[in-house]
Amino acid sequence: MRIAIAGLLHETNTFADGLTDYAAFEHKGAFPGLLKDQEILQTLRGVAMCTGGYIAVAEKSGMELAPLIWTFAQPSGTVRHAAYTRLSTELLDKLRRALPVDGVLLDLHGAMVTDQCEDVEGDLLQQVRSLVGPRVPVIANLDLHANITARMAHAATTLIGYDTYPHVDYTERGAEAANLMAAILKGAVNPVVAYRQVDLLIGPPRQCTLQGPMADAFRLVHELERQAGIISITLAGGFPFADIRDAGVAVVVTAHADAALAQRTADKLADYLWSRRHDFRVPLTPVREAIDYALRTKRGPVVLADGSDNPGGGAPCDGTVMLAELVQANVPSAVVAIIVDPEAVAQAHRAGAGHQATLVIGGKTDTRHGSPLTLTGDVRWVGEKDFVNKGPMMTGMRVRMGRAAVFVVNHVEIILTENSFQPFDCEALRCLGIEPRERLLIGLKSAVHFRADYQPIAAKIFDLDTPGIHFPNLFKCPYRRLRRPIYPLDEIPANHGPIRS
Ligand SMILES: [Zn+2]
């Protein structure tokens, strides 16, 4: 059994400034850059990503893998179409050379957009399908934030989405796809797929599967998955910061040789999500209120989630609104992770560790995340740093901060970095000698992923009401291409069902 594997992952925030180039896919930062051939197996073996799951299943079961390319660019603005076509050409050329293969496993995100194509994964799946023909199974893993289209669902044999946010099931979902591939090739299952879209947008904090309506929805998913004849159910919360027709919630049900069962099950789940739509509204807390809570209770760590500036959703990660409030509040102990600002890092390096300096920090990418702050404080540390994730998410993945600095102003430790990454793993602090359990306040540029590692140690978590292009209430997003009406942006007629085919 010979299976081609490839990965092409990007979550495109179409509201971000600038275009994402090919170089972003080659860049070694939070992710390992553009991997080719055996490099994929060497780098991702044992790493908590879907491809790590493919490798684990293959090595256990004797499945032969033909690795093509794998790349995961840090989420950012619209991808330049030429960058996508260069990557897809490399992938398809390698696939052509690898033929004949018995199946194809694709590690995709599902929310990639170029300046010429709203549905990149649909396009890629169709090209892979036309190359291998109608009989070869093609299974794609998708992020929980995929904006799944009918084209994607129809081009693939099936789609397997993550069941968790924070995404702590990459390896499991990859293994599920690889095991399903083996079952199909042995003739044990005959998958048929039903796809349903729901006219619902959900801000990231309410897509968290640890609590609230999304936890309830996944309980239903797992209950429905236990029905005889159901192979797998994908519920995608969608990525609302992509101004495309098909952004939002979608459901894919895979059943064994029973299209009617797949359809009924997809309808049931779509109806449920629609019935809970009011519960998906996102409650946010003003920064000052969250700081006052920490000062009053004196019990830490109180985590401030600055999700509006989450680099894991394409935001610049140099927003200053939360930082300004922390510096002004004269708190006894706080850390802010991270501010991506190569200029400020260079200033800190010039000043040197142990020296006082005045730095101009953040607010440099655009005008939507606060103004640059001129702050005088102490440079505690400068250097270049890598760390390996030790928490439950993307465990084992090496993250390169690049050049970095710890700058301390009024008891606020500011972690300044050259590279952009979402600081969801406690190692981002610990590798710099900062123990998160010992801080009263921790300001994180993360919407939800941080909860995997921080929720067990946090005294309290607040989703902040800060400005930015990842602002979870969605009413401020200047949508032009999104299908309408859609909840919660529009008044929805009472007779409007959940389903759009
Ligand atoms: Zn995601």
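Notes on the source. I'm working with a predicted model, where local features need pLDDT of at least 70, side-chain atom pairs count only at pLDDT 80 or more, and totals for chains, interfaces and linings use all residues. Residues are numbered from 1 along each chain as its sequence is written, and side-chain values use heavy atoms, with hydrogens and water left out.

Next I checked how the two domains sit together. I found 31 residues of domain 1 in contact with 27 residues of domain 2 (contact means heavy atoms within 4.5 Å).

Then the buried area, meaning the accessible area (1.4 Å probe) that two parts lose on being put together, summed over both. Between domain 1 and domain 2 I noted about 2100 Å², with 59% of that from carbon and sulfur atoms. Ala30, Gln74 and Pro166 supply 20% of what domain 1 buries against domain 2, more than any other three residues.

Last, the charges. I got one salt bridge across the interface, the rule being a side-chain nitrogen of Lys or Arg within 4 Å of a carboxyl oxygen of Asp or Glu. I also looked up the side chains of Arg368 and Asp17, which meet in a salt bridge at 2.9 Å, N to O. By class, the side of domain 1 that touches domain 2 has 20 nonpolar, eight polar and three charged residues (nonpolar is Ala, Val, Leu, Ile, Met, Phe, Trp, Tyr, Cys and Pro; charged is Asp, Glu, Lys and Arg; the others, Gly among them, are polar).
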